[in-house]
Amino acid sequence: MIRAGRRHLVRTLADIAAQQGIAVQTLLSSGRLKAEGFPAPLSAGRTRLYDGEQVDAYLAGHPVPELPTADHDEDLLDRQEAAALSGIPPHVWDRRKKTPSVNEHLVLVGGVEHWPRHVVRDYTPAPRPRPSGGGGRPAGAGDQVPRDLLPARVAQLLDDDPALTAAGVTERLGVHRNTAQAALTQCRAERMADLMEQRGATAAQAAAELGYPVGLTRRAGILAEAIVRGRQARPYLADVARALHTRGWTTTDTPPAIEHPQGDECFAALVLDGPTAPAAALVWSEHHGWRTSTSRRHPLGRGAAWPPPGPGVRHLATGTTPDPADLVKALESTG
């Protein structure tokens, strides 16, 4: 961090190189920055900043003075430091810093964003309207947020409060408790799935990094794992869609879209609309493979019973990911 009253002393690598009459690359290659006694950077960010008083003392062969250690309201914190003080991951701070009450205090030092300590410490989410006449949602009241806007609104609330509960969503947005719980679980699961894919993390590790309390993420963790598996299956499912389209099982100009209903089990559906299609859809399950169906319904729950063969229902090929060509042949044999 940049201690209060020392902003004017901050130097960049370019400043230090110019002070010695050399190029920045020469400074980096020389190893001087790693030499014993050279002042440590003011922060651990990608762009290194240094205290000029310390640099001048080192280059002059004098003892390097210590920086102030007492915290002050006007200390300037970088992204990582602001996130740490707020108790949130840096990517959450990236959203919070756009809040007008925070953004208006942004300070650029050496091209690096900083914020005063008191702004970071004292930030609180803007108050939201609360239902009058007692807590909770009025009995019989309709949802106050359209379904298509709900995910974005829930995401905003979750940015401000990683420990957000369904009751909190209901109170702030005026939606039914079940609607709130479903939206909150979905939002948490998708964000956990993103981290799991990016870093090879487990659901528990992703939840911890995002600041989600353990007691609120069991269901989201199960769903996140299904989302990751579904994403991994998409290339195969797209190959199947193209193979079906090529063989005339659809009348659209392009291969059918893959529908990915979310549940404990990863599954997907492809709508068939060709002139000889014997069913409304092909349904794929990670545990049971492919079947035809008169609808896109799927049994809920991991390991649920797979519908037996019957009118409009045929089990196709073998294994959960048969070759697309083999699947097409099996489908054609049902006609």
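Predicted model: local features only at pLDDT ≥ 70, side-chain atom pairs only at ≥ 80, totals over all residues.
Two packed helices are described by the angle between their axes and the distance between the axes. The axes of helix α8 (residues 150–160) and helix α10 (residues 177–199) approach within 9 Å and cross at roughly 70°. Because angles of 65 to 115 degrees count as roughly perpendicular, α8 is roughly perpendicular to α10. The crossing of these two helices is right-handed. On the α8 side, the contact is made by Leu-150, Val-154, Ala-155, Leu-158 and Asp-159. Helix α10 contributes Thr-179, Ala-183, Leu-184, Cys-187, Arg-188 and Arg-191. By class, the contact comprises seven nonpolar residues, one polar residue and three charged residues. An α-helix has 3.6 residues a turn, so residues three or four places apart point the same way.

Helix α9 (residues 166–173) has Ala-166, Gly-168, Val-169, Thr-170 and Leu-173 buried. The elements that cover these buried residues include α8 and α10. After α9 comes Gly-174, which has a positive phi near 70°.

The charged side chains are considered next. Side chains of opposite charge can pair when their charged atoms come close. The structure holds 17 salt bridges. In one of them, the side chains of Arg-3 and Asp-75 meet at 2.8 Å, N to O. This pair links distant parts of the chain, 72 residues apart: Arg-3 belongs to the segment before β1 (10–12), and Asp-75 to the loop between α3 (52–59) and β3 (76–77). Both Arg-3 and Asp-75 are buried.

Asp-75 also forms a salt bridge with Arg-117, at 3.3 Å from N to O. Here the loop between α3 and β3 is linked to helix α7 (residues 117–122), which holds Arg-117, with the two partners 42 residues apart. Asp-75 counts as buried because its relative accessibility is 0%. Arg-117, with a relative accessible area of 9%, is buried as well.

A further salt bridge joins Arg-231 and Glu-197, whose closest N and O atoms are 2.6 Å apart. Arg-231 lies in helix α12 (residues 218–246) and Glu-197 in helix α10, so the pair ties together parts that are 34 residues apart in sequence. Arg-231 counts as partly exposed at 22% relative accessibility, and Glu-197 is partly exposed with a relative accessible area of 40%. Elsewhere, salt bridges with shared partners join Arg-3, Asp-71, Asp-75 and Arg-117 into one network.

Definitions and conventions: Residues numbered from 1 in each chain as written. Heavy atoms only, no water. Axes fitted to C-alpha atoms, helices over the stretch in contact; angles between N-to-C directions. Helix = DSSP H or I, 4+ residues; strand = E, 2+ residues; numbered from the N terminus. Parallel < 35°, antiparallel > 145°, perpendicular 65-115°, else oblique. Left-handed = near helix turned anticlockwise from the far one by under 90°. Contact = heavy atoms within 4.5 Å. Nonpolar A, V, L, I, M, F, W, Y, C, P; charged D, E, K, R; others polar. Buried < 20%, exposed > 50% of the residue type's maximum accessible area, 1.4 Å probe, protein only. Salt bridge = Lys/Arg side-chain N within 4 Å of Asp/Glu carboxyl O.
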